Amino acid sequence: MAMTEQNIMRKKMANTIRFLAADMVQAANSGHPGAPMGLADIAVVLSEHLNHNPKNPKWLNRDRLVFSGGHGSSLIYSLLHLWGYDLSLEDLKNFRQLDSKTPGHPEFGHTDGVEITTGPLGQGIANAVGFAMAAKYTGNQVNSETCELIDHKVYCLCGDGDLQEGISYEACSLAGHLKLDNMVLIYDSNEITIEGDTSIAWSEDVEGRFVAQGWDVKKINGHCYDDIDRVLNEVKTATKPTIIIANTIIGKGAMELEGTAATHGSPLGETIIAESKTKEGFPAESFYIPEDVLLRFRCAIEKGDMLEKQWIHLHKQAPLIEQNEAMDRMLNPDFSAIEFPDFTESGSMATRDSNGKILNAIAKAVPSFVGGSADLAPSNKTDLKDMGDFPKGRNMHFGIREHSMAAITNAMALYGTVIPFNATFFVFSDYLKPSARIAALTSIQNFFVWTHDSIGVGEDGPTHEPIEQISQFRALPNFYVWRPADATENVEAWKTALSMNAPHGFVLSRQKLKTLKPKRDFGEVANGAYIVKARKDANFTLMASGSELMLTLQAACHLEILGIKANVVSVPCLDLFNEQDREYRETVVNPTTKVLAVEAATATEYYRYADDVLGMEGFGASAPADLLFEKFGFTIENVMRRACALMNVEYKKVDLGKC
């Protein structure tokens, strides 16, 4: 059957994308041409359906397009340039080069039009679920029966590798359970991965999997324009999330390499590219864009500008005052309205408990503040009282899906109207580390609540006792780990975290910690560390965080009897302390004194300041917490012994009752 005039133009547009992608990879001598060439036909038709504005990449009601397979970045950059985003042809020629706008994997904030940094395979699927969830929550706050201010779709392009990653199972299971009808997953089913045909490691019934997870499943020929167009029209009235299984050929149009693993992650070679172009009637020159093709793609500018102006007009209509006010409160959160709890007279309280009260105080004042736990809200103390459940309420039940929970909330944080938190036991942070890393890389203001912070977990034993995790996250650039010593520090930690555009992890105790007097002898919590108790003519320094701070305060009192005058430094956030200027750091931790750091974790990062570290040198054990602290040396006597050894002072038993 002869192609229609429209499809002839679509093919020309698709070939333009194919050859741009191939040229970019060839010029860089690095990259992945196969997936972009295979997806080019879908990309062209999707362009006709996508509502976005190249002149304003931040328009709130735009459709979100997530590329889960970030290695196929030459497709993304080709589209952004062709649509008219701030990405020039010269930028395409600098693909994967130093300081270019076109890095190997797309990065949010670095290149206009990139919605989120997806990075490792599978992340983007969970990110897309996060965008869809944020849109649903926002719509329930600002939409009315007669006017929907938020009604866009979330599209995600993924491949075989994305669906093999476990995070995709977690995210898609949740999306199906929540009936996210605004979510469209386009699966590039080319049956090829780096090692060859997917059959060597995968024989899954993808259709059956998604049906079981509550999705609508549609199958198409990914190179048939009419098929693609039909199904994209159908999903606009979906009542559940949709996966479009598109059978495609990797490296489509790459002559004898078409359909082979050779196109996945290597340049095609100049000869293959030249022959492929000649076959399709394109000149052999690199980075060639036919004028009529560019005009067709650039229609996105006029269309998008018109759609946004219509939306703004709708947004400003007088009958929508209440909706507009709700939208404004979500877009412009007022943190000054938060009435943080006063814990001065609270006696003793676990920091997970004080954190629960803080979360509720924030949520009461900030309607965009939402979140939940990986099935641990009663233990994490993250329930937002009387605030309902998603999609209309604030409490999100992520189920036992730590990794996707973190990636979902990463996307929610970038959506524009939502400030999310997520929570689990600290030891399970290992399950979400890749998503936390992306949050740090992208400066996403996502709040991670991690309870059961140390060997204080007790009877649960070493499988549940985080030993190395705090060191791992302190080693992560642009990620701020808080381990407050009491409820008051916890409040100050949140005040600081809310003011920063970066991810924060709150490492919180299960056991009760005595609330200290609010007086600080020098410095502030916001600086990461401060002197909580100063001694005149100090000749020694004790550093500690969390539950171990009280231990060092008691030890310092007894050490004075032995002639060791110790300043006690609380370290709620070592990451922030490391960022302070040298003068402040040396005022808090006097370099002329010997320094002992105490923390019930591996804690090797303290050696930047300390002469000795009393930390964990192995895994924990199963027993009541007080017995574990004694077994592993977190006692007043052992702190004193370590201090005396550093100071060459003979250790003597003193009456511990005097302090």
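Mentor: We shall take a few features in turn, with the general idea before each case. This is a predicted model, in which local features need pLDDT of at least 70 and side-chain atom pairs count only at pLDDT 80 or more, while totals for chains, interfaces and linings use all residues. Residues are numbered from 1 along each chain as its sequence is written, and side-chain values use heavy atoms, with hydrogens and water left out.

Trainee: Is strand β3 buried or exposed?

Mentor: In a regular strand the side chains alternate between the two faces of the sheet. Helices (H or I, at least four residues) and strands (E, at least two) are DSSP runs, numbered from the N terminus. Buried means under 20% relative accessible area and exposed over 50%, with partly exposed in between, for a 1.4 Å probe and protein chains only. In β3 (residues 183–189), seven of the seven residues are buried, so the strand is largely enclosed by the rest of the structure. M183, L185, Y187 and S189 point one way, whereas V184, I186 and D188 point the other way.

Trainee: Which strands pair with β3?

Mentor: Strands of a sheet pair through backbone hydrogen bonds, either parallel or antiparallel. Here two strands count as paired if DSSP finds at least two bridges between them. β3 pairs in the parallel sense with β2 (residues 154–159) over six bridges, and in the parallel sense with β7 (residues 242–247), also over six bridges. L185 of β3 is the bridge partner of C156, and in β7 the bridge partner of L185 is I243.

Trainee: In what order do the five strands of the open sheet lie?

Mentor: The order is β9-β10-β11-β13-β12, with parallel pairing. β9 (369–373) and β12 (480–482) are the edge strands, each pairing on one side only. From one strand to the next the twist averages 20 degrees; axes are lines fitted to C-alpha atoms, for helices over the stretch in contact, and angles run from 0 to 180 degrees between N-to-C directions. Within this sheet, five bridges join β10 (residues 419–425) to β11 (residues 447–451), and A423 has V449 as its bridge partner in β11. Helix α18 (residues 487–498) lies across β9, β11, β12 and β13 (504–508), running at about 170 degrees to β13.

Trainee: How do helices α1 and α10 pack?

Mentor: Two packed helices are described by the angle between their axes and the distance between the axes. For α1 (residues 5–28) and α10 (residues 270–279), the angle is about 165 degrees and the axes are 11 Å apart. These helices are therefore roughly antiparallel, since angles under 35 degrees count as roughly parallel, over 145 as roughly antiparallel, 65 to 115 as roughly perpendicular and the rest as oblique. F19, A22, D23 and Q26 in α1 meet E270, I273, S276 and K277 in α10, where contact means heavy atoms within 4.5 Å.

Trainee: How many disulfides are there?

Mentor: A disulfide is a pair of cysteine sulfur atoms within 2.5 Å. By this rule the count is zero. The closest cysteine sulfur to that of C172 is in C158, 7.5 Å away, which is too far for a bond. C172 itself counts as buried, at 0% relative accessibility.

Trainee: Where does V598 lie?

Mentor: V598 lies in strand β18 (residues 594–598) and is buried, with a relative accessible area of 0%. Leaving aside neighbours within four places in sequence, V598 has contacts including M543, L551, L614 and F634.
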